[in-house]
Amino acid sequence: MKNILHKIGTAVILSSAFFFAGCEPEFEEKEITVSAGPLDLSKYVAIGNSLTAGFQDGGLYLEGQVNSYPNILAYQFSYAGGGQFVQPLFSNEQFNGSGYLRLTGFTTSGSPIIAPVTTSLAVRTDAAALPGGPRLAKFANPATIQNWGVPGISVLSSSQAAYGGINPYYERLLTDAEVGQVPYVQKVLSTKPTFFSLWLGNNDVLTYATNGAVVDPNNPFSGLTDPTTFRAIYTQLVTGLVQGGTEGVIANIPDVTAVPYFTTVTQDMVRRSAGNNQLVIYIRTGEGQADVRPIEAGDYILLTTQAAIGRADNFNGTTIPHGFHPLNPLTDKEVLDKAEVEEVRGRTIALNQIIKEVATANKIPVFDTFDFFNKRKSGFMQNGIGYSAAFITGNLFSLDGIHLTPRGYAIVANEFINTINSHYKSTIPTIDVTQFRTVLIP
Amino acid sequence: MRSKLLALLGSAALTVGIANAGGYQVNLQGQKQIGMGHVGTGLALDQSSIFFNPGALARLRQNGVQVGISALTSKIAYREPSPGISEARTDNPMGTPFQVYASYGAAESPWRFGIGVYTPYGSTVTWGNAWQGRFGLNELTLKTIFIQPTVSYQITDKIGIGAGLVISTGSVNLQRSIPLIDASGREGHIELDGKAKTALGFNVGILVQPIEKLSIGLTYRSEIDATVEGGDVTFITPGAAPVAAQFTANQFDATLPLPDNITLGIGIMPTDKLTIGIDVQRVGWGAYKSLRFDFNGRVGQAPPVETTVSDAPRNYKDAYIYRIGAQYKVSDMLTVRAGGYYDQTPVRTGYLTPETPDADSRSVSAGLTLAVSEKVDLDLSFSYINKKERTDLADKSGGVPGTFKSVAYIPGVGVNYKF
């Protein structure tokens with residue numbers, strides 16, 4: 001009897017459990033409403049610089065291209081009538097593209113060891129280098145390109161026909177006949193999108209800032225772009241894009257002090273890693289004999305300067321560590337000093353004002369990246385993950401300290417979507433940013 | 001007696017599912033009661049009175065043993081906050097809350113002695129390591145087992161009292177992802193695993209039957225703290241020395257309150273065949289203020305931090321459960337039951353967490369008893385629980401914002417042997 005009961009009981013439990021395993025919890029709103037509102041997303045074109053191209057870790061390579069914010073946007077647009085999106089991807093054989101930086105370990109004092117990746121590159125050896133660097137493998141079907149992100153390009157250079165013969169990232173998107181003949185503005189306007197994103201202007205201040213506010217005499221695009229020139233080109237670009245009622249979204253220029261390239265290396269950090277609380281860093285702020293002073297709050301040492309700090313330089317037989325003595329200060333190029341920060345920030349604000357005015361005049365919403373990154377640089381939590389503008393540990397910025405991680409780009413893509421939804425009353429879905437990586441730690 | 005009872009449990013998988021109650025209280029303590037909305041405080045149905053009302057035990061005239069088990073299938077769906085559209089679903093293993101009760105007393109004696117073994121609190125929720133909230137939770141397994149030796153005394157024909165000593169044990173296993181990614185793209189992981197120290201509590205009750213057709217019961221079950229000391233902490237993180245230096249903890253302490261219950265139950269017997277029960281239960285969830293872990297080392301902090309305290313506010317509020325149920329004796333062979341309950345969530349707005357994505361829940365149930373022989377009864381029960389869909393920012397608990405929806409299906413079976 002007991003045995004039979006046991007069998008019946010087991011059978012009842014197992015069969016009911018099996019039956020009910022099929023019944024799922026359902027949400028009241030079964031299907032999520034997704035709508036493009038008034039937007040025609042059938043042909044989306046992205047216009048911009050390295051951030052738009054998916055540049056990360058100091059290079060442009062396949063992983064970054066695939067995780068570019070325009071590609072994420074296009075993917076999300078596909079829920080709301082978006083068409084296909086062609087990016088000028090590097091091939092699977094040349095997936096490391098221009099080469100990039102990776103984190104290989106840490107020194108005993110805890111500083112990151114960052115090394116270049118030099119295999120499977122798309123760097124050409126069959127043609128002479130351009131002024132902007134070695135040429136890169138050309139994209140086979142330039143007529144189909146929808147992500148026109150060109151690392152290094154500025155509003156100023158976008159109007160120059162010669163630029164295709166200078167910047168290898170632009171050159172690889174052009175046919176041989178177009179190189180040096182077609183300015184970027186003309187090229188992107190000819191794509192005739194139904195929807196565009198435009199995030200251009202960063203390099204009109206950033207090239208100057210990342211060079212310690214020193215103009216490179218060999219690079220005509222290495223200064224701060226004049227606002228009048230900026231307005232003229234930017235207006236031409238935006239009015240050209242909105243021809244025929246095309247809608248889009250615009251992003252402005254972030255504050256340089258919101259990126260780890262400028263904020264990571266500090267006197268405190270140098271003191272800690274040297275184990276010497278008395279160290280003083282001296283910086284050169286100008287050409288004159290007297291333009292040397294101890295570093296102060298508000299001066300920013302560039303990330304790329306880190307390796308040179310403390311270098312044993314020889315002065316007439318005497319060794320003076322670089323940066324630790326008034327006779328061997330950090331050079332003007334190695335530091336963005338206070339006055340230069342104000343100069344760069346002032347120009348950034350002026351150019352952002354122009355961006356806002358041109359966008360407003362053309363009824364295009366602006367994603368205020370200046371405000372977005374400044375509000376978040378000291379840190380925020382999302383999905384139980386901490387983010388900040390800190391180098392490596394902040395999860396937002398890649399190993400070059402300027403460009404974003406795939407996670408950072410995904411967060412930016414979502415903010416673009418929020419800007420679009422808010423202006424156009426659309427309901428384009430955002431993406432789960434946790435599916436994108438941050439810095440890989442060995 | 002005790003060792004014999006424990007042996008009866010055999011190798012039953014002792015996991016208990018989350019989705020069947022407010023917080024992590026499990027309302028599955030007797031197969032007859034499950035079939036009628038889990039009422040029972042004002043009734044003297046069977047040996048499970050050891051749990052429901054020790055004061056009712058003395059009223060039972062027969063000695064016996066009862067063994068029951070439920071198969072709890074719970075499912076929780078998650079949708080991220082708008083305008084996101086990512087969804088996740090739990091893949092919870094089937095929970096098997098069980099109960100064993102035995103009682104004995106001489107035929108004419110006002111005394112009854114009994115022992116119960118049951119699983120009043122527990123939770124098993126498995127979200128996996130791919131969902132958006134994985135840094136809040138991958139999976140949680142919380143188990144408790146209460147052993148309750150009980151004595152009951154019938155003071156007069158109309159009044160019975162009883163008291164039980166509760167001896168609780170349990171265990172907890174909690175796993176989360178850590179937001180660090182190694183060179184091969186693998187995410188970090190933390191696992192906390194510990195056994196709860198044996199703790200003591202009590203369960204007292206009184207059953208009064210002023211007239212033949214009405215009985216009133218009142219019980220109090222004390223709060224017990226499930227305390228883990230020296231539980232194991234295991235990390236998977238990138239191997240680089242500066243990272244490893246931030247994860248030095250290998251032991252943790254934590255305490256989880258298992259809240260007290262006050263229950264008032266009314267039994268109405270309009271005819272010989274019909275019994276109606278109504279229970280109102282107050283659960284002292286207010287005791288659950290925060291989920292605190294004390295680690296003996298670092299959990300993601302850089303030196304010079306030496307030890308870590310993780311303290312996430314929970315701030316539960318006391319909650320009420322309202323139950324109603326009835327049974328009807330169709331024949332000497334067959335008794336049928338039906339009922340339901342409404343269980344208020346103890347989780348306040350802003351405090352939702354993926355380990356208990358709780359909401360007000362509604363349950364309906366049905367059951368029957370087959371008298372197989374003079375000495376053997378077979379109980380069958382089925383309970384369906386549907387929690388209200390709940391959207392929460394989870395900004396106060398450090399939980400996972402979004403919308404959660406839970407359902408559970410719980411068939412159960414019990415065997416009673418009377419002697």
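**Interfaces between chains and between domains in a predicted model**

View 1. Across the interface of chain A and chain B, 15 residue pairs are in polar contact, both residues being at pLDDT 80 or more. A polar contact is a pair of N or O atoms within 3.5 Å; within protein, one must be able to donate a hydrogen and the other to accept it, and residues adjacent in sequence count only if both atoms are side-chain atoms. Helices (H or I, at least four residues) and strands (E, at least two) are DSSP runs, numbered from the N terminus. Three salt bridges are found across this interface, a salt bridge being a side-chain nitrogen of Lys or Arg within 4 Å of a carboxyl oxygen of Asp or Glu. The side chains of R79(B) and E29(A) meet in a salt bridge at 3.8 Å, N to O.

This is a predicted model, in which local features need pLDDT of at least 70 and side-chain atom pairs count only at pLDDT 80 or more, whereas totals for chains, interfaces and linings use all residues. Residues are numbered from 1 along each chain as its sequence is written, chains are lettered from A in the order in which they are written, and side-chain values use heavy atoms, with hydrogens and water left out.

View 2. β16(A) and strand β8 (residues 159–182) of chain B pair in the parallel sense over two bridges, where pairing requires at least two DSSP bridges. L440(A) stands opposite I181(B) in β8(B).

**View 3. Domain 1 against domain 2 in chain A.** An automatic or database domain assignment divides chain A into domain 1 (44–263 + 338–435) and domain 2 (267–335). Their contact takes 19 residues from domain 1 and 15 residues from domain 2. The two domains bury about 1,300 Å² between them, 57% of it on carbon and sulfur atoms. One salt bridge is found across this interface. The side chains of E296(A) and K338(A) meet in a salt bridge at 2.6 Å, N to O.

Conventions
Contact means heavy atoms within 4.5 Å. Buried area is the accessible area (1.4 Å probe) that two parts lose on being put together, summed over both.
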